[in-house]
Amino acid sequence: MKRKLRMGMIGGGPGAFIGAVHRTAATMDGLIELVAGAFSSDPNKSKQMGEELQLAPERVYGSFEELVRKEKELPAEQRIDFVSIVTPNHLHFEPAKQALLNGFDVVMDKPMTFDLSEAKELQKIVAQTGRSLCLTHTYSGYPMIKEARYLVNNGTIGNIRKIYVTYPQGWLATFLEGSEQKQAAWRTDPSKSGIAGAMGDIGTHAFNLAEYISGLRVSEVCADINIVVEGRRLDDDGTVLLRFNNGATGVLVASQVLSGEENNLTIKVYGDKGGLEWQHTDPNSLVLKLPDAPIQVLRTGTPYVSDIAKHNTRTPSGHPEGFIEAFANHYRNFALSLLAIQDGNKPDTAWLDYPGVEEGVRGMAFIESVIASGKSEIKWTPFHL
C-alpha cells in the first residue's frame, strides 16, 4: 500500500452517535484517514466538528455541495478518494449522486435512500460511473455471520427451509420524539425517514441478514405493521411472513416498543440437514445443530472456522469483537478493494464481500413491499422491484 485512502464525511456533526462510529471504524485498520467534511447543514456546527477533529480549516465545508465542488478542484494527490454519508435518510441520495458523478466513491448508511425510485436511480449512476458504493449493513460484517453464510454455501445444513429473524428494541416504547430527542425525532418523521419507521430502521437489517446468510431472495411478503405508541406517525412494530425464491418460508419481527430490550438481533436458519443460530448479544458464537451430533458452538478466532471468517477477525479466540469491529470490516474490505483497483489489480473475493448498491435497492424494495402489504387487505404481496 502506497498511502492511506482519504475520506470526506457528510453529516456526523456534534453529538451524532453514528458519525463517531463511522470515524472510528474507518480508521481502525490504518487504511483510511479523515481529511475533510461537511458535518452539518449548519456551517458553524460543521466548523465546530472540524475543530474537534483537528482537520485543516480549509477542508471543513458548510455544505455537501461545497465539499464535492472544492475537493474536485484540488490536485489528485490531495483530494479525497471517497465520501462517507452519515445523514438522515432524506439526505442520502443527493450527496451520493453528486459524489459519484464527480468521481468519488461512496460509503453510506442504510437504508440507502428515501424511497425505491431514488435507490434505482442511484444504482444506474453507480453502473454508469463505474464507482464503488458500500452500504453499512453492520451485522453482515461479524465473523460468525460470515461463517454462517459459508456453512450454508458448502451445504452443511442442506437446502434452506425456514428462516426466523427478530430484531427487538425498546428505546421507542414511549413517545420519545415528544421530548425533542434528536434521533427519535427524525427517525419517526415521515419527511426525513420515509414511509417506514421500525421496518426501515431495523427491519432492513433483519431482512439483509436473512438474504445474506441464506443466499436466497425474498419473493413475497405478508406484513402486519403497527403503530403502538399513541401520536407516532410511523410504524414502531411489525411482523412479516416471508416467501423465498426456493420455496422456503420465514418470519421477520422488528419492534422498537419492547420495553427493556436493547439490540438482540437474532437469526435462525434451518435446512433439511441442520440449523444455525446467531444472536447479537453473543456475536462471537455461532450455534450449529445437526440431527446426528451434539449441538456445537463455533467461536470467532478459532483455527477451525473458514478463511472468510478468519479474514474478518482481528483478535485470537476469547477476545470479544463487537459492533465497531463488524462496522470496520466493511470499511476495510471496501478500502482494500479500492486500493487494488487504483493499482490496476483485481480485488480478492474476500475484499469484495461488503454490502453494496444491490443490497441497497433490495432494502428499499423490502420497505415498500411490507408497508404496501401492511395496508392491503390482500396481504400476500409480490416483492416490489
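This is a predicted model: local features need pLDDT of at least 70, side-chain atom pairs count only at pLDDT 80 or more; totals for chains, interfaces and linings use all residues.
Trainee: Hi! Which residues in helix α3 (residues 64-73) are buried?
Mentor: In α3 the buried ones are Phe 64, Glu 66, Leu 67, Val 68 and Glu 71. Buried means under 20% relative accessible area, exposed means over 50%, and partly exposed is in between, with a 1.4 Å probe and protein chains only. Helices (H or I, at least four residues) and strands (E, at least two) are DSSP runs, numbered from the N terminus.

Trainee: Thanks. So what covers the buried residues of α3?
Mentor: The cover includes strands β1 (5-11), β2 (32-38) and β3 (82-86), plus helix α4 (93-101). α3 also lies across β1, β2 and β3, and runs at about 125 degrees to β2. Axes are lines fitted to C-alpha atoms, for helices over the stretch in contact, and angles run from 0 to 180 degrees between N-to-C directions. Contact means heavy atoms within 4.5 Å.

Trainee: In what order do the five strands of that open sheet come?
Mentor: The order is β2-β1-β3-β4-β5, and the pairing is parallel. β2 and β5 (133-135) are the edge strands, each pairing on one side only. From one strand to the next, the twist averages 25 degrees.

Trainee: How many bridges hold β1 and β3 together?
Mentor: Five, in the parallel sense; two strands pair if DSSP finds at least two bridges between them. Within that pair, Ile 10 stands opposite Ile 85 in β3.

Trainee: And helix α1, what covers its buried residues?
Mentor: Their cover includes β1, β2, α2 (43-52), β3 and α11 (323-342). α1 spans residues 17-27, and its buried residues are Ile 18, Gly 19, Val 21, His 22, Arg 23, Ala 25 and Ala 26.

Trainee: New topic: what's the strand order in the nine-stranded sheet?
Mentor: This open sheet runs β13-β12-β11-β10-β6-β9-β8-β7-β14, with mixed pairing. At its edges are β13 (296-299) and β14 (381-382), each pairing on one side only. Helix α9 (residues 198-214) packs on the sheet, touching strands that include β6 (160-168), β8 (237-244) and β9 (249-255), and its direction makes about 150 degrees with that of β9.

Trainee: Do β12 and β13 run parallel or antiparallel?
Mentor: Antiparallel, with four bridges joining β12 (residues 285-289) to β13.

Trainee: Which strands does helix α12 lie across?
Mentor: α12 (residues 357-375) lies across β7, β8, β9 and β14, at about 55 degrees to β7. Val 370 is found in this helix, and because its relative accessibility is 0%, Val 370 counts as buried.

Trainee: What is Val 370 in contact with, beyond its sequence neighbours?
Mentor: Leaving aside neighbours within four places in sequence, Val 370 touches Met 199, Val 221, Ala 223, Ile 225 and Val 240. Val 370 and Gly 203 are 167 residues apart in sequence, yet 9.8 Å apart in space, C-alpha to C-alpha.

Trainee: Which residues have the most contacts inside the largest nonpolar core?
Mentor: Leu 252 and Trp 278, in a core of 78 residues. A nonpolar core is a set of buried Ala, Val, Leu, Ile, Met, Phe, Trp, Tyr and Cys residues joined through side-chain atoms within 4.5 Å.

Trainee: Where does Met 144 sit?
Mentor: Met 144 is in helix α6 (residues 143-153), and its contacts beyond four places in sequence include Trp 278, Pro 283, Leu 298 and Val 305. Met 144 counts as buried, because its relative accessibility is 0%.

Trainee: Last one: how many helices and strands are there overall?
Mentor: The protein has 12 helices and 14 strands. Its radius of gyration is 21 Å, close to the 21 Å that the globule rule gives for 385 residues, so the protein is as compact as a globular protein of that length. That radius is taken over C-alpha atoms, and the rule is 2.2 Å times the number of residues to the power 0.38. Of the 385 residues, 55% count as buried.

Technical notes: Residues are numbered from 1 along each chain as its sequence is written. Side-chain values use heavy atoms; hydrogens and water are left out.
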